[in-house]
Amino acid sequence: MRSSLLIEIRDLAHAYPDGTEALRGISLHIRAEESVAVVGANGAGKSTLLLHLNGSLISRHGTVRIGDFQVAKAALPDIRRTVGMVFQDPDDQLFMPTVAEDVAFGPLNLKLPLAEVERRVASALERVGAAHLRDRPPYKLSGGEKRLAAIATVLAMEPAILVMDEPSSSLDPRARRTLIELLAGFGHTKIIATHDLDLVLDLCPRTIVLRQGQVAADGPTDEIFADGRLLAACHLEQPLRLQACPVCGEKSGRLPQKGERL
Amino acid sequence: MSTIESAFIDLQRLDRLAACDSAVHRLDPRVKVLITLAFLVCVVSFDKYAIAGLLPFALFLTLVIGLSGIPSGFVLNRVLLAAPLALLIGLFNPVYDHQPLMRFGTLVIAGGWLSLLSLVLRFCLTVGAVLALIATTGFNAVCRALEQLGMPTVLAVQLLLLYRYLFVLVEEGLRLNRARVLRSFQGRGLGIRACSFLLGSLLLRTLDRSQRIHLAMRCRGFDGTIHTRNPLRLNGRDVLTLTIVLAALLAMRVFDGPMLLGRFVTGLMA
(Lines give C-alpha, C1' and ligand atoms only; values in the text may rest on other atoms or scores of the structure.)
Protein backbone atom coordinates (compact mmCIF):
# COMPACT_ATOMS: atom_id res chain seq x y z
CA MET A 1 0.00 0.00 0.00
CA ARG A 2 2.85 2.29 0.87
CA SER A 3 4.26 2.63 -2.64
CA SER A 4 0.92 3.65 -4.11
CA LEU A 5 0.10 6.07 -1.31
CA LEU A 6 -0.48 9.56 -2.49
CA ILE A 7 -1.58 12.69 -0.74
CA GLU A 8 -3.87 14.74 -2.87
CA ILE A 9 -5.21 18.09 -1.71
CA ARG A 10 -7.65 19.84 -3.96
CA ASP A 11 -8.74 23.44 -3.52
CA LEU A 12 -8.64 23.29 0.27
CA ALA A 13 -9.89 26.34 2.16
CA HIS A 14 -10.39 26.78 5.87
CA ALA A 15 -11.60 29.64 8.04
CA TYR A 16 -11.50 29.53 11.83
CA PRO A 17 -14.68 30.35 13.77
CA ASP A 18 -13.33 33.84 14.52
CA GLY A 19 -13.29 34.51 10.75
CA THR A 20 -9.54 34.17 10.18
CA GLU A 21 -8.99 32.65 6.76
CA ALA A 22 -6.09 30.31 7.36
CA LEU A 23 -6.14 28.43 4.06
CA ARG A 24 -7.37 29.87 0.78
CA GLY A 25 -7.53 27.34 -2.01
CA ILE A 26 -4.57 25.01 -1.66
CA SER A 27 -3.95 22.23 -4.18
CA LEU A 28 -1.07 19.77 -3.82
CA HIS A 29 0.13 16.29 -4.72
CA ILE A 30 2.67 14.47 -2.60
CA ARG A 31 4.02 11.16 -3.81
CA ALA A 32 4.81 8.15 -1.66
CA GLU A 33 8.12 8.30 0.23
CA GLU A 34 8.63 11.91 -0.76
CA SER A 35 10.08 14.26 1.84
CA VAL A 36 8.47 17.68 1.67
CA ALA A 37 9.03 20.85 3.68
CA VAL A 38 6.21 23.31 4.29
CA VAL A 39 7.64 26.74 5.05
CA GLY A 40 6.22 30.22 5.44
CA ALA A 41 5.81 33.14 7.81
CA ASN A 42 4.03 32.88 11.16
CA GLY A 43 0.34 32.62 10.41
CA ALA A 44 0.86 31.56 6.79
CA GLY A 45 -1.30 28.46 7.38
CA LYS A 46 1.32 25.74 7.90
CA SER A 47 -0.13 24.24 11.08
CA THR A 48 -3.68 24.48 9.74
CA LEU A 49 -2.64 22.59 6.62
CA LEU A 50 -1.00 19.86 8.70
CA LEU A 51 -4.10 19.49 10.87
CA HIS A 52 -6.12 18.73 7.74
CA LEU A 53 -3.83 15.87 6.77
CA ASN A 54 -5.01 13.56 9.56
CA GLY A 55 -8.53 14.83 9.91
CA SER A 56 -7.90 16.88 13.07
CA LEU A 57 -9.61 19.57 11.04
CA ILE A 58 -12.04 18.71 8.30
CA SER A 59 -12.93 21.48 5.92
CA ARG A 60 -16.13 21.81 3.97
CA HIS A 61 -14.30 23.51 1.13
CA GLY A 62 -12.01 21.31 -0.92
CA THR A 63 -10.90 17.73 -0.42
CA VAL A 64 -7.96 15.89 1.08
CA ARG A 65 -7.26 12.33 -0.04
CA ILE A 66 -4.76 10.03 1.63
CA GLY A 67 -4.25 7.02 -0.65
CA ASP A 68 -7.65 5.45 -1.18
CA PHE A 69 -9.38 7.38 1.56
CA GLN A 70 -10.93 10.78 1.46
CA VAL A 71 -10.41 12.53 4.78
CA ALA A 72 -13.86 12.50 6.36
CA LYS A 73 -15.27 11.49 9.70
CA ALA A 74 -16.06 7.91 8.67
CA ALA A 75 -12.51 7.22 7.52
CA LEU A 76 -10.77 8.77 10.52
CA PRO A 77 -9.54 5.52 12.14
CA ASP A 78 -7.88 4.46 8.86
CA ILE A 79 -6.50 7.94 8.22
CA ARG A 80 -5.01 8.22 11.69
CA ARG A 81 -3.38 4.83 11.40
CA THR A 82 -1.78 5.94 8.13
CA VAL A 83 -0.82 9.50 9.04
CA GLY A 84 1.27 9.90 12.18
CA MET A 85 1.40 13.41 13.59
CA VAL A 86 4.22 14.73 15.75
CA PHE A 87 3.10 17.90 17.52
CA GLN A 88 5.23 20.95 18.14
CA ASP A 89 5.20 20.70 21.93
CA PRO A 90 6.12 17.17 23.07
CA ASP A 91 4.42 17.89 26.41
CA ASP A 92 1.11 17.83 24.55
CA GLN A 93 1.90 14.44 23.14
CA LEU A 94 3.34 12.68 26.18
CA PHE A 95 0.45 12.40 28.59
CA MET A 96 0.91 8.94 30.11
CA PRO A 97 2.79 8.26 33.36
CA THR A 98 5.81 6.66 31.69
CA VAL A 99 7.40 6.79 28.26
CA ALA A 100 6.69 3.10 27.55
CA GLU A 101 3.02 3.49 28.48
CA ASP A 102 2.81 6.52 26.23
CA VAL A 103 4.33 4.66 23.30
CA ALA A 104 1.89 1.80 23.97
CA PHE A 105 -1.10 4.15 24.05
CA GLY A 106 -1.74 4.17 20.27
CA PRO A 107 -1.20 0.44 19.65
CA LEU A 108 -3.46 -0.42 22.62
CA ASN A 109 -6.17 1.79 21.16
CA LEU A 110 -5.77 -0.13 17.89
CA LYS A 111 -6.71 -3.17 20.03
CA LEU A 112 -3.56 -5.06 19.01
CA PRO A 113 -2.65 -8.16 21.04
CA LEU A 114 -0.41 -7.43 24.04
CA ALA A 115 2.61 -9.24 22.60
CA GLU A 116 2.40 -7.15 19.42
CA VAL A 117 2.04 -3.96 21.51
CA GLU A 118 5.17 -4.91 23.45
CA ARG A 119 7.07 -5.58 20.23
CA ARG A 120 6.04 -2.23 18.77
CA VAL A 121 6.95 -0.33 21.94
CA ALA A 122 10.38 -1.91 22.07
CA SER A 123 11.06 -1.42 18.38
CA ALA A 124 9.83 2.21 18.28
CA LEU A 125 11.95 3.15 21.29
CA GLU A 126 14.92 1.29 19.84
CA ARG A 127 14.47 3.07 16.52
CA VAL A 128 14.74 6.55 18.07
CA GLY A 129 17.50 5.45 20.44
CA ALA A 130 15.36 5.96 23.54
CA ALA A 131 15.14 2.41 24.88
CA HIS A 132 16.80 3.54 28.12
CA LEU A 133 13.98 6.06 28.74
CA ARG A 134 11.24 3.37 28.86
CA ASP A 135 10.24 3.65 32.48
CA ARG A 136 10.96 7.34 33.01
CA PRO A 137 8.07 9.78 33.57
CA PRO A 138 7.93 12.24 30.63
CA TYR A 139 8.20 15.35 32.80
CA LYS A 140 11.69 14.33 33.83
CA LEU A 141 13.07 14.12 30.28
CA SER A 142 15.18 16.79 28.59
CA GLY A 143 13.77 18.64 25.56
CA GLY A 144 15.64 16.40 23.12
CA GLU A 145 14.58 13.22 24.89
CA LYS A 146 10.97 14.37 24.96
CA ARG A 147 11.08 14.93 21.21
CA LEU A 148 12.49 11.46 20.58
CA ALA A 149 9.85 9.92 22.83
CA ALA A 150 7.11 11.85 21.02
CA ILE A 151 8.36 10.52 17.69
CA ALA A 152 8.43 6.98 19.12
CA THR A 153 4.77 7.29 20.18
CA VAL A 154 3.88 7.93 16.56
CA LEU A 155 6.24 5.30 15.08
CA ALA A 156 4.57 2.66 17.24
CA MET A 157 1.40 3.14 15.20
CA GLU A 158 3.49 2.18 12.13
CA PRO A 159 2.18 4.98 9.92
CA ALA A 160 3.15 5.34 6.27
CA ILE A 161 3.19 9.12 6.47
CA LEU A 162 4.91 11.22 9.14
CA VAL A 163 3.65 14.76 9.62
CA MET A 164 5.74 17.00 11.86
CA ASP A 165 5.17 20.49 13.15
CA GLU A 166 8.41 22.33 13.96
CA PRO A 167 10.36 19.20 14.91
CA SER A 168 13.59 21.08 15.66
CA SER A 169 12.14 23.94 17.73
CA SER A 170 13.73 24.45 21.17
CA LEU A 171 16.32 21.71 20.69
CA ASP A 172 19.98 22.24 21.46
CA PRO A 173 22.30 21.92 18.42
CA ARG A 174 23.38 18.39 19.28
CA ALA A 175 19.80 17.16 19.82
CA ARG A 176 18.81 18.88 16.59
CA ARG A 177 21.56 17.07 14.69
CA THR A 178 20.52 13.72 16.23
CA LEU A 179 16.95 14.39 15.13
CA ILE A 180 17.98 15.26 11.57
CA GLU A 181 20.05 12.10 11.26
CA LEU A 182 17.19 10.05 12.68
CA LEU A 183 14.63 11.51 10.27
CA ALA A 184 17.00 11.08 7.33
CA GLY A 185 16.99 7.34 8.05
CA PHE A 186 13.19 7.00 7.91
CA GLY A 187 11.60 5.62 4.74
CA HIS A 188 8.22 7.23 5.48
CA THR A 189 6.61 9.93 3.43
CA LYS A 190 7.58 13.01 5.45
CA ILE A 191 5.86 16.36 5.61
CA ILE A 192 7.68 18.81 7.83
CA ALA A 193 6.47 22.30 8.68
CA THR A 194 9.37 24.34 9.97
CA HIS A 195 11.21 27.65 10.19
CA ASP A 196 14.50 25.78 10.34
CA LEU A 197 15.54 26.10 6.69
CA ASP A 198 18.90 24.45 7.27
CA LEU A 199 17.01 21.36 8.39
CA VAL A 200 14.99 21.54 5.17
CA LEU A 201 18.25 21.61 3.22
CA ASP A 202 19.31 18.37 4.94
CA LEU A 203 16.02 16.49 4.75
CA CYS A 204 13.65 17.70 2.07
CA PRO A 205 14.38 17.72 -1.68
CA ARG A 206 11.04 19.49 -2.22
CA THR A 207 9.72 22.64 -0.55
CA ILE A 208 6.26 24.21 -0.50
CA VAL A 209 6.15 27.88 0.44
CA LEU A 210 2.89 29.16 1.92
CA ARG A 211 1.88 32.80 2.00
CA GLN A 212 -1.38 34.01 3.48
CA GLY A 213 -3.05 30.66 3.13
CA GLN A 214 -1.99 30.05 -0.46
CA VAL A 215 0.85 28.17 -2.13
CA ALA A 216 3.38 30.84 -3.11
CA ALA A 217 5.86 28.35 -4.54
CA ASP A 218 6.26 24.59 -4.83
CA GLY A 219 9.40 23.02 -6.25
CA PRO A 220 12.89 21.67 -5.67
CA THR A 221 14.36 23.04 -2.44
CA ASP A 222 17.56 24.34 -4.03
CA GLU A 223 15.66 26.38 -6.60
CA ILE A 224 13.36 27.90 -4.02
CA PHE A 225 16.18 28.79 -1.66
CA ALA A 226 18.07 30.44 -4.51
CA ASP A 227 15.16 32.83 -5.12
CA GLY A 228 15.94 35.67 -2.73
CA ARG A 229 12.99 37.77 -3.81
CA LEU A 230 10.47 35.00 -3.19
CA LEU A 231 11.95 34.26 0.22
CA ALA A 232 11.89 37.93 1.23
CA ALA A 233 8.27 38.29 0.10
CA CYS A 234 7.33 35.30 2.31
CA HIS A 235 9.18 36.58 5.43
CA LEU A 236 11.92 33.98 4.96
CA GLU A 237 15.68 34.09 4.66
CA GLN A 238 18.16 31.90 2.89
CA PRO A 239 19.42 29.10 5.13
CA LEU A 240 22.55 30.17 7.00
CA ARG A 241 24.68 27.73 5.05
CA LEU A 242 23.78 29.47 1.79
CA GLN A 243 24.47 32.96 3.10
CA ALA A 244 27.81 34.81 2.86
CA CYS A 245 30.28 33.86 5.57
CA PRO A 246 30.32 36.68 8.19
CA VAL A 247 34.07 36.25 8.71
CA CYS A 248 35.54 35.97 5.22
CA GLY A 249 32.58 37.43 3.33
CA GLU A 250 32.43 34.60 0.85
CA LYS A 251 29.52 32.39 0.03
CA SER A 252 30.08 28.72 0.35
CA GLY A 253 29.18 28.96 -3.29
CA ARG A 254 27.18 25.87 -4.06
CA LEU A 255 24.15 24.00 -2.92
CA PRO A 256 24.75 20.70 -1.20
CA GLN A 257 24.27 17.57 -3.24
CA LYS A 258 21.82 15.01 -1.98
CA GLY A 259 23.06 13.47 1.26
CA GLU A 260 26.03 15.85 1.45
CA ARG A 261 26.58 18.32 4.25
CA LEU A 262 28.36 21.58 3.57
CA MET B 1 12.48 28.90 47.65
CA SER B 2 8.76 29.48 47.35
CA THR B 3 6.50 26.95 49.05
CA ILE B 4 4.97 25.92 45.76
CA GLU B 5 8.41 25.03 44.44
CA SER B 6 9.23 22.94 47.47
CA ALA B 7 5.84 21.22 47.28
CA PHE B 8 6.72 20.38 43.70
CA ILE B 9 10.01 18.82 44.77
CA ASP B 10 8.08 16.84 47.40
CA LEU B 11 5.91 15.33 44.69
CA GLN B 12 8.96 14.27 42.75
CA ARG B 13 10.39 12.75 45.92
CA LEU B 14 7.18 10.75 46.43
CA ASP B 15 7.56 9.41 42.90
CA ARG B 16 11.15 8.39 43.56
CA LEU B 17 10.17 6.64 46.80
CA ALA B 18 7.40 4.78 44.97
CA ALA B 19 9.97 3.40 42.54
CA CYS B 20 11.89 1.68 45.39
CA ASP B 21 11.48 -1.99 46.17
CA SER B 22 10.27 -3.60 49.40
CA ALA B 23 7.74 -6.15 50.59
CA VAL B 24 5.20 -3.34 50.91
CA HIS B 25 6.02 -1.90 47.48
CA ARG B 26 5.53 -5.30 45.86
CA LEU B 27 1.95 -5.71 47.15
CA ASP B 28 -0.83 -5.22 44.61
CA PRO B 29 -1.93 -1.56 44.62
CA ARG B 30 -5.55 -2.61 45.19
CA VAL B 31 -4.58 -4.45 48.36
CA LYS B 32 -2.80 -1.36 49.64
CA VAL B 33 -5.72 0.90 48.77
CA LEU B 34 -8.18 -1.40 50.56
CA ILE B 35 -5.96 -1.64 53.63
CA THR B 36 -5.56 2.14 53.72
CA LEU B 37 -9.32 2.62 53.42
CA ALA B 38 -9.96 0.14 56.25
CA PHE B 39 -7.29 1.89 58.34
CA LEU B 40 -8.90 5.31 57.75
CA VAL B 41 -12.41 4.08 58.58
CA CYS B 42 -11.19 2.40 61.78
CA VAL B 43 -9.26 5.48 62.92
CA VAL B 44 -12.03 8.00 62.35
CA SER B 45 -14.74 5.77 63.83
CA PHE B 46 -13.36 5.95 67.40
CA ASP B 47 -15.26 8.05 69.89
CA LYS B 48 -14.10 11.61 70.30
CA TYR B 49 -12.12 11.15 73.51
CA ALA B 50 -10.30 8.03 72.34
CA ILE B 51 -6.53 8.13 72.66
CA ALA B 52 -5.36 4.79 74.00
CA GLY B 53 -7.38 2.92 71.35
CA LEU B 54 -5.53 4.81 68.61
CA LEU B 55 -2.10 3.78 69.80
CA PRO B 56 -2.13 0.29 68.20
CA PHE B 57 -2.92 2.00 64.89
CA ALA B 58 0.07 4.30 65.33
CA LEU B 59 2.16 1.20 65.98
CA PHE B 60 0.77 -0.45 62.83
CA LEU B 61 1.59 2.60 60.69
CA THR B 62 5.11 2.78 62.13
CA LEU B 63 5.57 -0.90 61.33
CA VAL B 64 4.44 -0.45 57.71
CA ILE B 65 6.68 2.57 57.21
CA GLY B 66 9.59 0.67 58.74
CA LEU B 67 8.97 -2.36 56.49
CA SER B 68 8.72 -0.26 53.35
CA GLY B 69 11.99 1.55 53.95
CA ILE B 70 10.50 5.04 53.44
CA PRO B 71 12.55 7.49 55.53
CA SER B 72 10.32 8.07 58.56
CA GLY B 73 11.63 11.65 58.78
CA PHE B 74 10.05 12.38 55.40
CA VAL B 75 6.59 11.23 56.50
CA LEU B 76 6.91 12.85 59.92
CA ASN B 77 7.93 16.19 58.41
CA ARG B 78 4.97 16.26 56.05
CA VAL B 79 2.57 15.25 58.82
CA LEU B 80 3.90 18.00 61.09
CA LEU B 81 3.51 20.51 58.26
CA ALA B 82 -0.16 19.62 58.02
CA ALA B 83 -0.78 19.30 61.78
CA PRO B 84 -1.50 23.00 62.46
CA LEU B 85 -4.67 22.55 60.43
CA ALA B 86 -5.95 19.95 62.91
CA LEU B 87 -4.90 22.16 65.83
CA LEU B 88 -6.90 24.99 64.33
CA ILE B 89 -10.00 22.83 64.01
CA GLY B 90 -9.76 21.56 67.58
CA LEU B 91 -8.57 24.83 69.09
CA PHE B 92 -11.84 25.65 70.85
CA ASN B 93 -12.53 22.19 72.24
CA PRO B 94 -10.72 22.96 75.56
CA VAL B 95 -12.64 26.24 75.82
CA TYR B 96 -16.09 24.76 75.48
CA ASP B 97 -15.69 21.29 76.97
CA HIS B 98 -14.79 21.48 80.69
CA GLN B 99 -16.20 18.11 81.67
CA PRO B 100 -13.47 16.48 83.85
CA LEU B 101 -12.59 13.10 82.38
CA MET B 102 -9.23 12.16 83.82
CA ARG B 103 -7.57 12.68 87.14
CA PHE B 104 -3.89 12.30 87.98
CA GLY B 105 -3.65 13.09 91.71
CA THR B 106 -4.77 16.67 91.92
CA LEU B 107 -4.50 17.32 88.18
CA VAL B 108 -7.86 17.14 86.43
CA ILE B 109 -7.92 16.88 82.66
CA ALA B 110 -10.97 18.29 80.93
CA GLY B 111 -12.66 16.48 78.02
CA GLY B 112 -11.80 19.32 75.65
CA TRP B 113 -8.07 18.68 75.97
CA LEU B 114 -8.57 14.98 75.41
CA SER B 115 -10.69 15.52 72.31
CA LEU B 116 -8.12 17.98 70.95
CA LEU B 117 -5.34 15.47 71.46
CA SER B 118 -7.44 12.72 69.92
CA LEU B 119 -8.20 14.91 66.91
CA VAL B 120 -4.54 15.73 66.32
CA LEU B 121 -3.57 12.10 66.72
CA ARG B 122 -6.20 10.95 64.24
CA PHE B 123 -5.16 13.64 61.80
CA CYS B 124 -1.54 12.52 61.96
CA LEU B 125 -2.52 8.89 61.51
CA THR B 126 -4.76 9.49 58.49
CA VAL B 127 -2.36 11.86 56.72
CA GLY B 128 0.53 9.54 57.53
CA ALA B 129 -1.37 6.53 56.14
CA VAL B 130 -2.22 8.23 52.85
CA LEU B 131 1.35 9.49 52.48
CA ALA B 132 2.65 5.98 53.13
CA LEU B 133 0.21 4.60 50.53
CA ILE B 134 1.37 7.02 47.83
CA ALA B 135 5.06 6.72 48.74
CA THR B 136 4.92 2.92 48.42
CA THR B 137 2.59 2.71 45.43
CA GLY B 138 2.86 5.85 43.32
CA PHE B 139 -0.01 8.11 42.42
CA ASN B 140 -0.64 6.50 39.04
CA ALA B 141 -0.88 2.99 40.44
CA VAL B 142 -3.26 4.25 43.14
CA CYS B 143 -5.47 5.71 40.40
CA ARG B 144 -5.42 2.46 38.48
CA ALA B 145 -6.27 0.51 41.62
CA LEU B 146 -9.17 2.83 42.42
CA GLU B 147 -10.48 2.39 38.90
CA GLN B 148 -10.36 -1.38 39.15
CA LEU B 149 -12.07 -1.17 42.52
CA GLY B 150 -15.00 0.54 40.86
CA MET B 151 -14.19 4.25 40.59
CA PRO B 152 -15.67 5.62 37.32
CA THR B 153 -13.16 5.55 34.42
CA VAL B 154 -13.73 9.23 33.66
CA LEU B 155 -12.56 10.13 37.13
CA ALA B 156 -9.52 7.85 36.88
CA VAL B 157 -8.50 9.39 33.54
CA GLN B 158 -8.98 12.86 35.03
CA LEU B 159 -6.77 12.03 38.00
CA LEU B 160 -4.06 10.54 35.80
CA LEU B 161 -3.99 13.58 33.54
CA LEU B 162 -4.18 15.92 36.52
CA TYR B 163 -1.08 14.37 38.01
CA ARG B 164 0.82 14.38 34.71
CA TYR B 165 0.03 17.99 33.91
CA LEU B 166 0.40 19.29 37.44
CA PHE B 167 4.11 19.42 36.71
CA VAL B 168 3.62 21.33 33.47
CA LEU B 169 1.11 23.68 35.10
CA VAL B 170 3.34 24.40 38.08
CA GLU B 171 6.28 25.15 35.81
CA GLU B 172 4.17 27.44 33.66
CA GLY B 173 2.79 29.22 36.73
CA LEU B 174 6.27 29.66 38.18
CA ARG B 175 7.52 31.17 34.93
CA LEU B 176 4.62 33.62 34.80
CA ASN B 177 5.15 34.54 38.42
CA ARG B 178 8.88 35.02 37.94
CA ALA B 179 8.20 37.38 35.05
CA ARG B 180 5.80 39.33 37.26
CA VAL B 181 8.15 39.54 40.25
CA LEU B 182 11.03 40.74 38.06
CA ARG B 183 8.99 43.72 36.94
CA SER B 184 7.47 44.58 40.33
CA PHE B 185 9.08 47.18 42.52
CA GLN B 186 8.33 48.14 46.12
CA GLY B 187 5.36 45.86 46.26
CA ARG B 188 3.70 47.44 43.24
CA GLY B 189 2.51 44.85 40.79
CA LEU B 190 2.28 42.15 43.43
CA GLY B 191 -1.31 42.98 44.38
CA ILE B 192 -4.47 41.02 43.86
CA ARG B 193 -5.18 42.76 40.54
CA ALA B 194 -1.99 41.56 38.86
CA CYS B 195 -2.54 38.18 40.45
CA SER B 196 -5.99 37.87 38.90
CA PHE B 197 -4.59 38.63 35.45
CA LEU B 198 -1.88 36.08 36.00
CA LEU B 199 -4.36 33.39 37.01
CA GLY B 200 -6.62 34.30 34.10
CA SER B 201 -3.78 33.92 31.66
CA LEU B 202 -2.80 30.62 33.24
CA LEU B 203 -6.37 29.40 32.83
CA LEU B 204 -6.46 30.38 29.15
CA ARG B 205 -3.13 28.67 28.50
CA THR B 206 -4.41 25.59 30.28
CA LEU B 207 -7.55 25.51 28.12
CA ASP B 208 -5.43 25.82 24.98
CA ARG B 209 -3.15 23.08 26.13
CA SER B 210 -6.02 20.78 27.05
CA GLN B 211 -7.35 21.15 23.52
CA ARG B 212 -3.98 20.28 22.06
CA ILE B 213 -3.63 17.27 24.35
CA HIS B 214 -7.10 16.06 23.43
CA LEU B 215 -6.17 16.39 19.76
CA ALA B 216 -2.96 14.42 20.32
CA MET B 217 -4.94 11.71 22.11
CA ARG B 218 -7.56 11.52 19.37
CA CYS B 219 -4.79 11.26 16.78
CA ARG B 220 -3.70 8.06 18.46
CA GLY B 221 -7.15 6.56 18.62
CA PHE B 222 -8.30 7.61 22.12
CA ASP B 223 -11.94 6.66 22.69
CA GLY B 224 -12.43 7.62 26.32
CA THR B 225 -10.76 4.63 27.94
CA ILE B 226 -7.08 4.41 28.71
CA HIS B 227 -5.99 0.85 28.07
CA THR B 228 -2.99 -0.42 29.98
CA ARG B 229 -0.40 -3.00 29.09
CA ASN B 230 -0.06 -4.84 32.36
CA PRO B 231 -3.41 -5.45 33.96
CA LEU B 232 -3.11 -5.83 37.73
CA ARG B 233 -3.09 -9.42 38.94
CA LEU B 234 -3.67 -10.57 42.49
CA ASN B 235 -1.48 -13.42 43.72
CA GLY B 236 -1.85 -15.63 46.76
CA ARG B 237 0.49 -13.51 48.83
CA ASP B 238 -1.63 -10.42 48.17
CA VAL B 239 -4.86 -12.14 49.22
CA LEU B 240 -3.24 -13.59 52.34
CA THR B 241 -1.78 -10.20 53.35
CA LEU B 242 -5.11 -8.49 52.75
CA THR B 243 -7.01 -11.02 54.88
CA ILE B 244 -4.55 -10.96 57.76
CA VAL B 245 -4.18 -7.18 57.84
CA LEU B 246 -7.92 -6.52 57.59
CA ALA B 247 -8.53 -8.99 60.42
CA ALA B 248 -5.82 -7.32 62.50
CA LEU B 249 -7.25 -3.84 61.88
CA LEU B 250 -10.72 -5.04 62.83
CA ALA B 251 -9.40 -6.64 66.00
CA MET B 252 -7.55 -3.45 66.88
CA ARG B 253 -10.75 -1.51 66.41
CA VAL B 254 -13.03 -3.89 68.35
CA PHE B 255 -10.77 -4.84 71.25
CA ASP B 256 -9.16 -2.17 73.37
CA GLY B 257 -5.56 -3.42 73.15
CA PRO B 258 -3.92 -1.07 75.66
CA MET B 259 -6.69 -1.80 78.21
CA LEU B 260 -6.31 -5.58 77.78
CA LEU B 261 -2.55 -5.23 78.11
CA GLY B 262 -2.98 -3.13 81.25
CA ARG B 263 -5.33 -5.69 82.80
CA PHE B 264 -2.99 -8.49 81.90
CA VAL B 265 -0.01 -6.74 83.51
CA THR B 266 -1.93 -5.76 86.65
CA GLY B 267 -3.29 -9.34 86.77
CA LEU B 268 0.27 -10.66 86.71
CA MET B 269 1.33 -8.25 89.45
CA ALA B 270 -1.64 -9.15 91.64
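Which residues does Gln88(A) touch, not counting residues up to four places away in sequence? In this predicted model, Gln88(A) touches Asp165(A), Glu166(A) and Ser169(A). The residue is placed in the loop that links β6 (83-86) to α3 (90-93) of chain A. A separation of 79 residues in sequence lies between Gln88(A) and Pro167(A), yet their C-alpha atoms are 6.3 Å apart in space. Gln88(A) has 19 C-beta neighbours inside 10 Å and therefore counts as partly exposed, since a buried residue needs 20 or more.

The largest nonpolar core comprises 82 residues, of which Val38(A), Val103(A), Ala149(A), Ala152(A) and Val163(A) touch the most other members. Helix α6 of chain A, spanning residues 143-155, supplies the largest share of this core, namely seven residues. Another core, of 34 residues, lies apart from the largest one; among its members are Phe39(B), Phe57(B), Leu131(B) and Ala141(B). Ala149(A), one of the residues that touch the most other members of the largest core, is in contact with Pro90(A), Leu94(A), Val99(A), Asp102(A), Ala130(A), Leu133(A), Pro138(A) and Leu141(A), when neighbours within four places in sequence are left aside.

Chain A also contains an open sheet of four strands, arranged in the order β2-β1-β4-β5 with antiparallel pairing. Strand β1 of chain A covers residues 7-15 and is joined to the antiparallel β2(A) by seven bridges. Within this pair of strands, Ala13(A) stands opposite Arg24(A) of β2(A).

In chain B, strands β1 (residues 100-104) and β2 (residues 107-110) pair in the antiparallel sense over four bridges. The two strands form a hairpin with two residues between them. Gly105(B), in the turn, has a positive phi of about 60 degrees. Phe104(B) stands opposite Leu107(B) in β2(B). As for burial, the number of buried residues among the five of β1(B) is zero, so this strand lies largely in the open.

Conventions:
Residues are numbered from 1 along each chain as its sequence is written. Chains are lettered from A and ligands numbered from 1 in the order in which they are written. This is a predicted model: local features need pLDDT of at least 70, side-chain atom pairs count only at pLDDT 80 or more; totals for chains, interfaces and linings use all residues. A nonpolar core is a set of buried Ala, Val, Leu, Ile, Met, Phe, Trp, Tyr and Cys residues joined through C-beta atoms within 7 Å. A residue is buried if 20 or more other C-beta atoms lie within 10 Å of its own, exposed if 12 or fewer, and partly exposed in between; C-beta atoms are placed from the backbone. Two residues are in contact if their C-beta atoms, placed from the backbone, lie within 7 Å. Two strands pair if DSSP finds at least two bridges between them.
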